[in-house]
Amino acid sequence: MATAGRTTKLNDELIVSAIGFGAGALAEYGAVDDAEALATLNHCLDLGVTFIDTADVYGSGENERLIAKLLADRRDVVTLATKFGIAGSPAALAAGRRPIRGDAAYVRQCIDESLARLQTDVVDLYYMHRRDLTVPIEETVGAMAELVRAGKVRHLGLCEVTADELRAAVAVHPIAAVQSEWSIWSRDVESQVVPTAAELGVGFVPYSPLGRGFLTGTIRSAADLSSSGDFRRTMPRFADSALEANLAVVDVVKRVAEEQLATPAQVALAWLRYRAESLGVASVPIPGTRRASRVEENLGSLSVTLTPAQLIALDAAGAAVAGNRTSDLTSVSAGRE
């Protein structure tokens with residue numbers, strides 16, 4: 001397809017595929033067959049989606065072990081990103097307790113454990129998954145910089161940091177990318193973090209770029225949520241007081257998709273591409289899926305050309321989103337700005 005092989009320069013030294021793949025989707029929402037998961041991952045690489053994102057916490061390490069099977073034959077074509085920082089036992093995480101660690105000893109421990117699970121000798125992009133507020137960010141990034149000098153990591157990234165935290169980190173070592181939630185439903189990063197990243201020449205990697213399930217078509221009312229047993233029930237954006245307003249955004253996205261002869265997911269990703277360009281930041285979203293066909297669909301968003309009128313309509317819809325994107329704002333940049 002025409003979009004295959006397109007790349008984006010996140011910073012001066014890190015060039016990745018223009019669409020990435022969030023591999024957490026293969027681990028976070030229930031078991032998935034390894035053969036099916038590997039087929040999806042290999043399809044990504046066949047299409048030129050070579051920027052693969054995982055984390056040590058996904059599946060309690062099992063997601064990294066899955067990625068190792070992909071790397072065994074195709075390490076040379078993968079730009080590999082993983083993360084550290086969310087600690088705790090699987091039981092604690094399942095109960096919603098997510099202790100965060102960013103001390104230097106933990107950074108060194110985590111990279112060695114990830115490299116062992118991934119069965120590789122270097123990670124292309126290593127992220128601090130969340131900010132440990134008990135540890136100066138200079139200590140965390142300083143320890144990460146040691147990993148670069150040791151040849152275990154090529155580039156550094158930070159997840160869900162504020163503009164001030166990003167500035168402090170860049171003063172210690174170059175940062176290639178910030179990863180935060182960003183979509184037409186989650187735009188808080190546009191006020192400070194994205195402009196600062198643009199100013200500093202740091203790329204941006206939006207996770208959940210399709211709005212955490214708004215485009216799946218399975219949740220159209222509060223009744224759907226109450227019967228689903230889904231984690232979204234606890235999120236403010238899906239509360240009764242906000243759901244109707246946020247589902248109205250889905251209607252606008254679908255209307256534009258009909259005009260474009262595209263899918264709603266493609267329109268949502270295209271809007272994000274235009275928005276990043278307007279803010280002057282290099283951006284590569286990492287939508288996740290279990291289905292190989294969805295990878296091709298997401299890649300097709302690069303061919304969608306939105307009209308000025310469509311952009312105005314989508315921007316207005318996104319500006320009317322109600323509710324915070326998480327119940328614990330201290331864990332994301334929006335709660336600490």
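User: What share of the contacts between residues at least 6 apart in sequence joins residues at least 24 apart in the protein chain?
Analyst: That share is 77%. Contact means heavy atoms within 4.5 Å. This is a predicted model, where local features need pLDDT of at least 70, side-chain atom pairs count only at pLDDT 80 or more, and totals for chains, interfaces and linings use all residues. Residues are numbered from 1 along each chain as its sequence is written, and side-chain values use heavy atoms, with hydrogens and water left out.

User: How many helices and strands does the protein chain have?
Analyst: Twelve helices and nine strands. Both are DSSP runs numbered from the N terminus: helices are H or I with at least four residues, strands are E with at least two.

User: Why are α10 and α12 called roughly perpendicular?
Analyst: The axes of α10 (residues 264-279) and α12 (residues 308-319) cross at roughly 95 degrees and come within 11 Å. Axes are lines fitted to C-alpha atoms, for helices over the stretch in contact, with angles from 0 to 180 degrees between N-to-C directions. Angles under 35 degrees count as roughly parallel, over 145 as roughly antiparallel, 65 to 115 as roughly perpendicular and the rest as oblique. The pair is therefore roughly perpendicular.

User: Which residues make that contact?
Analyst: V267, W271 and Y274 come from α10, and L311, L314 and D315 from α12.

User: Why does T326 count as buried?
Analyst: Buried means under 20% relative accessible area, exposed over 50%, partly exposed in between (1.4 Å probe, protein chains only). T326 has 18% relative accessibility, so T326 counts as buried. T326 is found in the segment after α12. Leaving out residues up to four places away in sequence, T326 touches P236 and V332. Its C-alpha atom is separated by 5.5 Å from that of M235, 91 residues apart along the chain.

User: Why do C110 and C159 count as buried?
Analyst: C110 has 1% relative accessibility, so C110 counts as buried. C159, also at 1%, therefore counts as buried.

User: What makes a nonpolar core, and which residues of the largest one touch the most other members?
Analyst: A core is a set of buried Ala, Val, Leu, Ile, Met, Phe, Trp, Tyr and Cys residues joined through side-chain atoms within 4.5 Å. The largest has 81 residues, and F21, L41, I52, F204, L306 and L314 touch the most other members. Helix α9 (residues 240-260) gives the most, with eight residues. Another core, of 14 residues, lies apart and includes C159.
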